Amino acid sequence: MRLVRLIYASRSVRMLPMGEMVSLLEQCRQKNQELDITGMLAFSRDGFLQVLEGGSENVNALYHRIAADPRHHQLALLGFGEVVEREFPDWSMAGLDVVGLEASRRAATLLRHGTSAVFNPFTMSASAALRLLVAWRSELMPCAGREPRIPEDALEEA
Ligand SMILES: Cc1cc2nc3c(=O)[nH]c(=O)nc-3n(C[C@H](O)[C@H](O)[C@H](O)COP(=O)(O)O)c2cc1C
């Protein structure tokens, strides 16, 4: 399997309470770890921006499962392609609450990577969206985003 990266944006069907987001992220981490998938999910009141990295078949299959999830719709595939390395090797799924970011820093980062200070990933190119997520990697949700991805065989060896 080739290493690929997939980035998409979607709109949430309803605003998910933080508790639901935390359990969604926990579920993602567990499943992604089994599949050696890594990535990041940024969410706001009305939408998601997610990057998935891993083997092409695993990423493809996961994207189809995610696309069928009734919690969101209007998925827009921003990018899919082979990569030589991962940007999120330490996160089976990092979670970032965009609304929780400090407003002026959020605006500055959004302006740097896009056409406005409003979080609207639908208007972004795949490379800009990726750079935005990389910039936000350091601001992960304290309760749910910092969990490093530990390969299972590393745990067995320990
Ligand atoms: C925005 C969003 C992102 C998701 N990301 C992942 C993910 O990275 N990994 C994952 O296993 N499930 C993810 N899910 C959950 C899947 O859509 C699905 O509920 C989960 O894979 C269980 O699928 P299953 O019931 O077919 O086993 C995500 C759901 C949403 C709404």
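Predicted model: local features only at pLDDT ≥ 70, side-chain atom pairs only at ≥ 80, totals over all residues.
Residue numbers start from 1 along each chain as its sequence is written.

Q: Is L49 buried or exposed?
A: The cut-offs are 20 or more other C-beta atoms within 10 Å for buried, 12 or fewer for exposed, and partly exposed in between, with C-beta atoms placed from the backbone. L49 has 27 C-beta neighbours inside 10 Å, so L49 counts as buried.

Q: Which strand holds L49?
A: Strands here are DSSP runs of E, at least two residues, and helices are runs of H or I, at least four, all numbered from the N terminus. The run at residues 47-55 includes L49, and that is strand β3.

Q: In what order do the five strands of the open sheet come?
A: Two strands pair if DSSP finds at least two bridges between them. β4 (72-82) and β5 (94-97) each have a single partner strand, so they stand at the edges. Pairing is mixed, and the order reads β4-β1-β3-β2-β5.

Q: What is the bridge partner of V4 in β3?
A: Strand β1, residues 3-12, pairs with β3 in the antiparallel sense over nine bridges. For V4, the partner in β3 is G54.

Q: What C-alpha separation do L49 and L130 have?
A: Along the chain, L49 and L130 are 81 residues apart. Their C-alpha atoms are separated by 9.5 Å.
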